[in-house]
Amino acid sequence: MSERLIVHVPLDQGRDYDIVIGRGLLDEAGARIAALGGRAAAIVTDDTVAALYSERVRDALEAAGLRSGIVSVTPGEASKSYATFAQVCDGLLGHRIERGDLVVALGGGVVGDLAGFAAASLRRGVRFVQAPTSLLAQVDSSVGGKTGINSPLGKNLIGAFHQPRLVLADTGTLDTLSAREMRAGYAEVAKYGLINDSGFFDWCETNWSGIFSGGPERDEAVAICCRSKAGVVVRDEREDGERALLNLGHTFGHALERLTGYDSARLVHGEGVAIGMALAFRFSARLGLCPGQDAGRVANHLALAGLPTRLAQVPGGCGDASALLDAMAQDKKVREGRLTFILARGIGRSFIAPGIDAADVRAFLDDELRDV
Ligand SMILES: NC(=O)c1ccc[n+]([C@@H]2O[C@H](COP(=O)([O-])OP(=O)(O)OC[C@H]3O[C@@H](n4cnc5c(N)ncnc54)[C@H](O)[C@@H]3O)[C@@H](O)[C@H]2O)c1
Ligand SMILES: O=C(O)C(=O)C[C@@H](O)[C@H](O)[C@H](O)COP(=O)(O)O
Ligand SMILES: [Zn+2]
C-alpha cells in the first residue's frame, strides 16, 4: 500500500478510527476493509457514483475475500427521505448483511448520511465504512458519525449518531465531480477557517484554486479539515457544546434547503451553507459583534470561488422572513423555543450565540430580502 495521509479519530470504548486520504485509495479498499473483519460488505451508493466506481470497489472487496453487493439510490438530496431509507434497509437485508458484516457508503454526503443511518438501524446496528467521493463528504460529512434523513418539516431531523469504523477518502475521485459540486464542497472547507482558524482562511484565499484543480493543495485541505473536525468530535461527540460551531451557516442554510424542497437542481447543501455563512457574518456585523470588513471579506471570497452569498441568488426564491423563521424554528439547536446561531467576532472567531431575539432576525432578513 502506498504512503497515505492518515488522521486518527481517537474516540473511546474501542470506537477510534482512521481517516485515510490519498489518490487511488479505492483500489486498496478491499484489503483495508477486509482487515476490519466480517464476511460481507454491501456497498450503498447513488446511480451516478455507481456508474463510475462501484464495480471497482466491489471487485476489490471480492478479491479480498468479502462477499459483496450493491444498493444504489437516485442521486440528490431528495434521496435523504423515508422512502429511500426503506429502500436501502431492504436492499441491505436482501444482501443478507448480518450483524458482523459491513456497510460501505460510497458517494457524497447524501449516500453517507443515508447509508450510515441504515447501518445504525439495521439489526439494531451494523458497522460501516465511509468511502466519500465528493469534496464535501471528504472534508466534512464522512467524519463524526452524524447520520440521518430529512423530514418535510426540516433538515436531518431523523437520524442517529453512528461512527464509521474507517474513512477512505480517495481524492482522485474528485476529478469526476462536477464544478458545481466542487464549489459546494468548498463552502465547508472555508467553514473550517471561519470557525476557529484564520490562518487556514488566509491559506484558502491563496490556495483555493489548487483544491479545485487537483494539486497537492487538495489532499492538504482534506487533511486539515478532517483534523479540525476530528478534534471537535472527540471533545464533544454528541454536540452538547463546542460541536455546534460546525453548524456555522447551517441555521440559515438548512432553512433554505427545506424551503427549496430539497431540490438539488435549485440548491445543494454547500450552496445553502455558503449563503448561510455570509448571512451569519453580516448578521454578526449588524449586531456590532464583528467588523463589517470581515463580513465583506467572507462574502467576497465565497463569491470568487463561485458560490452564492445572498438570498436573492436562491433559484426560484426562498419565501419571506416569516417562512424562513418558521423553518428555522425546527433547527436542532433551538432551546426553549429560542434560536441559537453560530455568530462571529471576526474571521476564525466564531461562537455559539443562544437566545437570539427572533425580532432581530426578522428585521435582518427583511433587509437581506430587499438586498439593502
Ligand atoms: N453527516 C455530516 O456530518 C454532514 C456534514 C455535511 C453535510 N452533510 C450532508 O451531506 C449532504 C451533501 O453532500 P454532497 O454535497 O456530497 O452531496 P451529494 O451526496 O448529493 O453528492 C453531490 C452530487 O455529486 C455526485 N457525485 C458524488 N461523487 C462524485 C464523483 N466522484 N464524481 C461524479 N459525481 C459525483 C452525486 O451523485 C451527487 O449528484 C447533505 O445532505 C448534507 O446535509 C452531512
Ligand atoms: O458534524 C457536524 O456536527 C456538523 O454540523 C457538520 C455540518 O456540516 C453538517 O451539515 C451536519 O449534518 C449538520 O448537522 P445538523 O445536526 O445541524 O443536522
Ligand atoms: Zn454542512
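**View 1. Helices α9 and α10 pack against each other.** In this predicted model, helix α9 (residues 250-259) packs on helix α10 (residues 269-286) at an angle of about 135°, with the axes 7 Å apart. Axes are lines fitted to C-alpha atoms, for helices over the stretch in contact, and angles run from 0 to 180 degrees between N-to-C directions. Helices (H or I, at least four residues) and strands (E, at least two) are DSSP runs, numbered from the N terminus. The two helices, α9 and α10, are therefore oblique to each other. Angles under 35 degrees count as roughly parallel, over 145 as roughly antiparallel, 65 to 115 as roughly perpendicular and the rest as oblique. The crossing of α9 and α10 is right-handed. A crossing is right-handed if the near helix is turned clockwise from the far one by less than a right angle, and left-handed if anticlockwise. From α9, the contact takes in His250, Phe252, Gly253, His254, Leu256 and Glu257. From α10, it takes in His269, Gly272, Val273, Ile275, Gly276, Leu279 and Ala280. Contact means heavy atoms within 4.5 Å. Six of these contact residues are nonpolar, six polar and one charged. Ala, Val, Leu, Ile, Met, Phe, Trp, Tyr, Cys and Pro count as nonpolar, Asp, Glu, Lys and Arg as charged, and the others, Gly among them, as polar.

The model is predicted: local features need pLDDT of at least 70, side-chain atom pairs count only at pLDDT 80 or more, and totals for chains, interfaces and linings use all residues. Residues are numbered from 1 along each chain as its sequence is written, chains are lettered from A and ligands numbered from 1 in the order in which they are written, and side-chain values use heavy atoms, with hydrogens and water left out.

**View 2. Three protein residues hold the zinc ion (ligand 3) as donors.** Donors are N, O and S atoms within 2.8 Å of the metal (3.2 Å for Na, K and Ca); water is not among the atoms, so sites may look incomplete. Along the sequence, the donor residues follow the spacing E-x61-H-x18-H. Glu188 sits in helix α6 (residues 179-196) and His269 in helix α10, so this pair ties together parts that are 81 residues apart in sequence. Glu188 counts as buried, at 2% relative accessibility. His269 also counts as buried, at 14%. Buried means under 20% relative accessible area, exposed over 50%, and partly exposed in between (1.4 Å probe, protein chains only).

**View 3. Helix α13 crosses helix α10.** The axes of α10 and helix α13 (residues 358-369) come within 11 Å and cross at roughly 115°. This crossing of α10 and α13 is right-handed. On α10, the contact residues are Leu279, Arg282, Phe283 and Arg286. On α13, they are Asp360, Val361, Ala363, Phe364, Asp367 and Glu368. The contact of α10 with α13 has five nonpolar residues, no polar ones and five charged.

**View 4. Helix α12 also meets α13.** Helix α12 (residues 321-328) packs on α13 at an angle of about 135°, with the axes 9 Å apart. That makes α12 oblique to α13. Their crossing is right-handed. Ala321, Ser322, Leu324, Leu325 and Met328 in α12 meet Ala358, Val361, Arg362, Leu365, Asp366 and Leu369 in α13. Eight residues of this contact are nonpolar, one is polar and two are charged.

**View 5. Asp101 lies in a loop.** The loop runs between α3 (82-94) and β5 (102-107). Asp101 counts as buried, at 2% relative accessibility. Leaving out residues up to four places away in sequence, Asp101 touches Gly38, Arg39, Ala40, Arg67, Arg96, Val126 and Arg127. Asp101 and Ala83 are 18 residues apart in sequence, and 24 Å apart in space, C-alpha to C-alpha.

**View 6. Arg123 and Asn156 have positive phi values.** Most residues other than glycine have a negative phi. Phi of Arg123 is near 50°. Arg123 lies in the loop between α4 (109-121) and β6 (127-132). With a relative accessible area of 37%, Arg123 is partly exposed. Phi of Asn156 is about 55°. Asn156 lies in strand β8 (residues 154-161). Asn156 counts as partly exposed, at 22% relative accessibility.
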